[in-house]
Amino acid sequence: MILSDKLTNKSLLPNKAYINGKWVDASKSFDVINPSTQEVIASVPDMGAEETHDAIAAADGAFKDWAAKTAKERGAFLKKWYQLILDNREDLGIIMAAEQGKPVKEAIGEVLYGAEFVEWFAEEGKRAYGDVIPTTTHGSRVVTMKQPVGVCAMITPWNFPSAMITRKMPPALAAGCTVVSKPAEDTPLSAIALAVLAEEAGFPKGVINVVTTSHSSDVGKAMCESDIVRKLSFTGSTKVGKILMGQCADTMKKLSLELGGNAPFVVFGDADIDAAVKGLVAGKFRNCGQVCIAPNRIYVQDSVHDEFVEKLKAAVSDIKVGDGFDEDSDIGPLINQAGLEKVQDHVQDALDKGATVVLGGKQHKKGATFFEPTILTGMTDEMKVASDETFGPVASIFKFTDEQDAIDKANDTIYGLAAYFYTRDIGRVWRVSEAIEAGIIGANTGSTSSEVAPFGGVKHSGIGREGSKYGLDEFLEIKYVAMGGIEES
Ligand code: NAP
């Protein structure tokens with residue numbers, strides 16, 4: 001497949017990194033692979049610490065002027081960028097489907113979801129209000145102001161190659177920060193295409209920089225150890241998040257860490273079972289299960305277990321697996337061999353410990369990294385799925401007895417990103433929402449994320465929030481001015 005042949009706007013594929021307003025190469029390059037076909041679809045610059053420092057210097061050089069603009073002026077650049085993303089949605093979806101494997105229609109959906117954050121923060125930047133605080137002494141006032149943190153580094157994963165960037169960059173830019181972004185090795189093309197459109201939107205040179213690399217630890221270390229970088233915003237695994245947090249200690253950076261999850265999905269006996277099945281299928285199988293907030297541990301109350309499993313089986317049987325460019329496909333392949341092996345390992349471990357396969361359970365006949373939509377029952381706490389996100393199209397079903405049992409099981413994890421439950425009892429909605437240790441709760445819905453909501457986790461799922469008014473605060477520092485001598489003498 002020649003990717004550019006599929007695009008209307010071929011300029012979206014410069015296959016270069018973007019530093020200080022210039023499209024740049026490196027001495028080496030690395031290949032980008034289509035996970036559906038294993039074909040090489042592009043080669044991009046393989047950068048290291050040196051180029052990362054160039055990008056940081058560029059962002060530093062641009063910071064003063066960018067921060068000095070009014071929020072309305074910065075918002076105008078974001079609005080142009082937003083419109084260009086919408087205008088190029090089909091091409092951006094095609095690029096994403098080619099490098100990530102998800103169906104084109106789902107990829108376009110991600111582009112549109114991500115674009116909403118650009119629009120939201122174009123406006124929200126205007127509302128970085130301070131306070132006038134009543135004081136305890138006569139003749140004084142305390143006034144707060146919010147100011148941009150400074151140069152921000154951003155590291156994002158492959159599972160949402162566009163939206164993970166647009167959840168971070170717009171609030172940073174709206175706040176007056178400049179940015180250096182490092183996309184995942186598997187999916188640099190969506191990041192580059194977004195930068196092409198940002199350039200067209202007219203962002204001044206150095207405000208946005210994109211460094212591509214197959215040596216993420218070298219680039220990450222350069223970002224973390226730089227004293228110029230005042231904030232790191234990372235989305236990815238908890239393991240890498242902890243490494244980066246340690247590396248940022250010496251320079252005392254502000255941190256946002258959007259990390260792994262192990263979401264419980266609880267179906268109470270009084271739930272609308274059809275709605276619960278629908279919510280689970282949407283949340284679990286989207287992006288082939290490679291979603292940080294995907295339900296991982298599905299707890300179903302004894303009394304409705306068999307009915308739920310039967311209805312779930314009927315719904316999952318309809319899911320079509322295939323190439324992202326095939327219009328019939330509902331889900332694509334797993335991102336790479338390591339992803340496939342992890343899913344296989346979780347399924348085998350469950351079977352070895354007594355689980356039952358209701359549907360699927362093995363690599364799909366299409367080969368490569370395609371995996372069958374799978375349902376397992378008879379899950380127990382000793383199985384790997386109970387403590388680790390599978391990151392694949394496997395619905396693993398556990399039983400529970402009563403409300404307290406469900407809450408205890410849901411909280412029995414080091415993670416705390418998303419949690420879901422279905423019940424028709426309004427009192428229970430409140431009790432369970434308050435009792436579950438997670439940053440995001442879906443009560444009678446499997447769909448929780450939008451630009452107006454503060455996305456993020458607790459416990460080992462991270463620190464900070466993306467989206468909403470709270471997402472802007474992540475890129476602002478609060479300063480206060482204590483003023484004396486106000487009373488007339
Ligand atoms: P990952 O290995 O942690 O990678 C995420 C990013 O970090 C990639 O850009 C990766 O680059 C980079 N990276 C890896 N090692 C690094 C290092 N030592 N120093 C600096 N950067 C480094 O995560 P993943 O397995 O690809 O992505 C899936 C994970 O992300 C899952 O755990 C998922 O739950 C989580 N996630 C969380 C959220 C959220 O909002 N909470 C959203 C989506 C995904 P390379 O890939 O090029 O090595």
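This report describes the domain interface, strand pairing and salt bridges of a predicted model.

## Basis of the model

Because the model is predicted, local features need pLDDT of at least 70 and side-chain atom pairs count only at pLDDT 80 or more, while totals for chains, interfaces and linings use all residues. Residues are numbered from 1 along each chain as its sequence is written, and side-chain values use heavy atoms, with hydrogens and water left out.

## Domains and their interface

The domain assignment of the protein gives domain 1 (3–259 + 461–478) and domain 2 (263–450); such bounds come from an automatic or database assignment. Between the C-alpha centres of domain 1 and domain 2 the distance is 30 Å. Domain 1 and domain 2 each bring 27 residues to the contact, where contact means heavy atoms within 4.5 Å.

About 2,200 Å² is buried between domain 1 and domain 2, and carbon and sulfur atoms give 56% of this area. Buried area is the accessible area (1.4 Å probe) that two parts lose on being put together, summed over both. Of the area that domain 1 buries against domain 2, S36, W158 and S461 supply 23%, more than any other three residues.

## Composition and polar contacts of the interface

Across the interface of domain 1 and domain 2 there are 10 residue pairs in polar contact, both residues at pLDDT 80 or more. A polar contact is a pair of N or O atoms within 3.5 Å; within protein, one must be able to donate a hydrogen and the other to accept it, and residues adjacent in sequence count only if both atoms are side-chain atoms.

On the side of domain 1 that touches domain 2, the elements giving two or more residues are α3 (89–100) and α4 (104–124). Helices (H or I, at least four residues) and strands (E, at least two) are DSSP runs, numbered from the N terminus.

## Strand pairing

An open sheet of three strands has the order β5-β6-β22, with antiparallel pairing. β5 (132–133) and β22 (476–483) stand at the edges with a single partner strand each, so one side of each is left without a neighbour in the sheet. Strands pair if DSSP finds at least two bridges between them; eight bridges join β6 (residues 141–148) to β22. Q147 stands opposite E477 in β22.

Strand β3 (residues 29–33) runs antiparallel to strand β4 (residues 40–45), joined by five bridges, and V32 stands opposite A42 in β4. The hairpin of β3 and β4 has six residues between the strands, and Q38 takes a positive phi near 65° there.

## Salt bridges

The model contains 22 salt bridges, each defined as a side-chain nitrogen of Lys or Arg within 4 Å of a carboxyl oxygen of Asp or Glu. Between domain 1 and domain 2 the count is zero.

R167 lies in the loop between α5 (163–166) and α6 (169–175) and E466 in the loop between β21 (462–463) and α16 (468–473), so the pair ties together parts that are 299 residues apart in sequence.
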